[in-house]
Amino acid sequence: MTQLEPTREEINALTGATVLEFGASWCGYCKAAQVTITSELSHFPNIRHIKIEDGKGRRLGRSFQVKLWPTLILMKDGVELKRLVREIDAGELKSGLALISAQQAGG
């Protein structure tokens, strides 16, 4: 099943808190990070999570200058506020999720 990749314009138009997760199904670092990502996101049900299969010729990853996987881009109303790359630290992810989530509550 192939999911259509959203365009950069669609991503920029998203409102609220969003996490973009760039990676590949065969990537060992991506697989290793899944437990941390899933666990931390479970505490923030209000945050949209979009997994994007990245690779050669994929425009969305290039538009964000993604070079290593996994890359998590934490966004609020289409604006990147934080980026986590490769080895995802649970504490860093939690603080980033709290950042975009709290801003949502504050308006």
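Reader: Which residue in β4 does isoleucine 73 stand opposite?
Author: In this predicted model, strand β3, covering residues 71–76, pairs with strand β4, covering residues 79–85, in the antiparallel sense over 6 bridges. Within that pairing, methionine 75 has glutamate 80 as its bridge partner in β4. For isoleucine 73, the residue standing opposite in β4 is arginine 83.

Reader: In the hairpin of β3 and β4, which residue takes a positive phi?
Author: Most residues other than glycine have a negative phi. The hairpin of β3 and β4 has 2 residues between the strands, and a positive phi near 50° is taken there by aspartate 77.

Reader: Which strands stand at the edges of the sheet, each with a single partner strand?
Author: The sheet is open and consists of 4 strands in the order β2-β1-β3-β4, with mixed pairing. Two of these strands have a single partner each, so one side of each is left without a neighbour in the sheet. The strands at the edges are β2 (48–53) and β4.

Reader: At about what angle to β1 does helix α2 run?
Author: Helix α2, made up of residues 28–41, lies across β1, β2 and β3. Taking β1, which spans residues 17–23, as the reference, the helix runs at about 170°.

Reader: Is threonine 18 buried or exposed, and what is its relative accessible area?
Author: Threonine 18 lies in strand β1 and, leaving aside its neighbours within four places in sequence, is in contact with residues including Ile47, Ile50, Ile73, Leu74 and Ile100. Buried means under 20% relative accessible area, and threonine 18 is therefore buried, with a value of 2%.

Reader: With which side chain does the side chain of threonine 18 make a polar contact?
Author: Among the residues in contact with threonine 18 are Met75 and Arg48. The polar contact of its side chain, at 2.6 Å, is with the side chain of arginine 48.

Reader: Which two residues are joined by a cis peptide bond?
Author: Most peptide bonds are trans. Proline 70, found in the loop between α3 (59–63) and β3, takes part in a cis bond with an omega of about -15°. The residues joined are tryptophan 69 and proline 70.

Reader: What is the relative accessibility of glutamine 65, and does that count as buried or exposed?
Author: Glutamine 65 is found in the loop between α3 and β3 and has a positive phi of about 55° although it is not a glycine. Exposed means over 50%, so glutamine 65 counts as exposed at 54%.

Key
Residues numbered from 1 in each chain as written. Predicted model: local features only at pLDDT ≥ 70, side-chain atom pairs only at ≥ 80, totals over all residues. Heavy atoms only, no water. Pairing = 2+ DSSP bridges. Buried < 20%, exposed > 50% of the residue type's maximum accessible area, 1.4 Å probe, protein only. Polar contact = N/O pair within 3.5 Å; in protein donor to acceptor, adjacent residues only side chain to side chain. Contact = heavy atoms within 4.5 Å. Axes fitted to C-alpha atoms, helices over the stretch in contact; angles between N-to-C directions.
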